[in-house]
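Hi everyone, thanks for coming. Let me walk you through the structure on the screen, beginning with a pocket and ending with a sheet.

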Amino acid sequence: SPGGRISLFDNGDFRCWVGFGPYSWFAEFRIDEESMTVTQAWDYGRDRGKELFSRIISSVGVLPVTGNRSMSPGIVQTSSGNYAKFVELAYPGGDVVFEAKIKLKNLAVAPGAFGFDAVYRSHRIPLYPD
């Protein structure tokens, strides 16, 4: 992130073991190298709970033109189906600007093999060049 900040996607897989329930979130931290401190500057996702909870394979980013933030929970597992998401968030307000849900068909992995549906990273790009 710009301006001495670092962004991360906290999957939160072990959070449910300590009674906080499953949720994943986008966290942004401000780093002050002179005072050697780190403070949380921004976050999103806690209130959305299970609908953005992804145990593995997720990403966050800063969109270059707008400065908005993006997050991509890579595998969200629910009783009604599995999906990935791409969420663009207005910065700093956190309002959802764009959201896409991508249905995942296959989460099964054959013994001794690697292969399943997932979204590791998403990017929003213009459909037509300027």
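The largest pocket here has a volume of about 280 Å³. This is a predicted model, where local features need pLDDT of at least 70 and side-chain atom pairs count only at pLDDT 80 or more, while totals for chains, interfaces and linings use all residues. Residues are numbered from 1 along each chain as its sequence is written, and side-chain values use heavy atoms, with hydrogens and water left out.

A pocket, on a 1 Å grid over the protein atoms alone, is an open set of points where a 1.4 Å probe fits, with protein on both sides within 12 Å along at least five of seven lines; lining residues have an atom within 4 Å of a point. The volume is the space filled by probe spheres set on the points, which are joined across faces, edges and corners.

Which residues sit closest to the centre of the largest pocket? Of the 17 in the lining, they are Leu63, Pro64, Val65, Arg124 and Ile125. Strand S4 (58-62) gives the largest share of that lining, four residues.

Now to the sheet. Strands are DSSP runs of E, at least two residues, numbered from the N terminus, and two strands pair if DSSP finds at least two bridges between them. Here three strands make an open, antiparallel sheet, ordered S1-S2-S3. S1 (5-10) and S3 (37-44) are at the edges with a single partner strand each, so one side of each has no neighbour in the sheet. Seven bridges link S2 (residues 25-32) to S3, and Ile31 has Val38 in S3 as its bridge partner.
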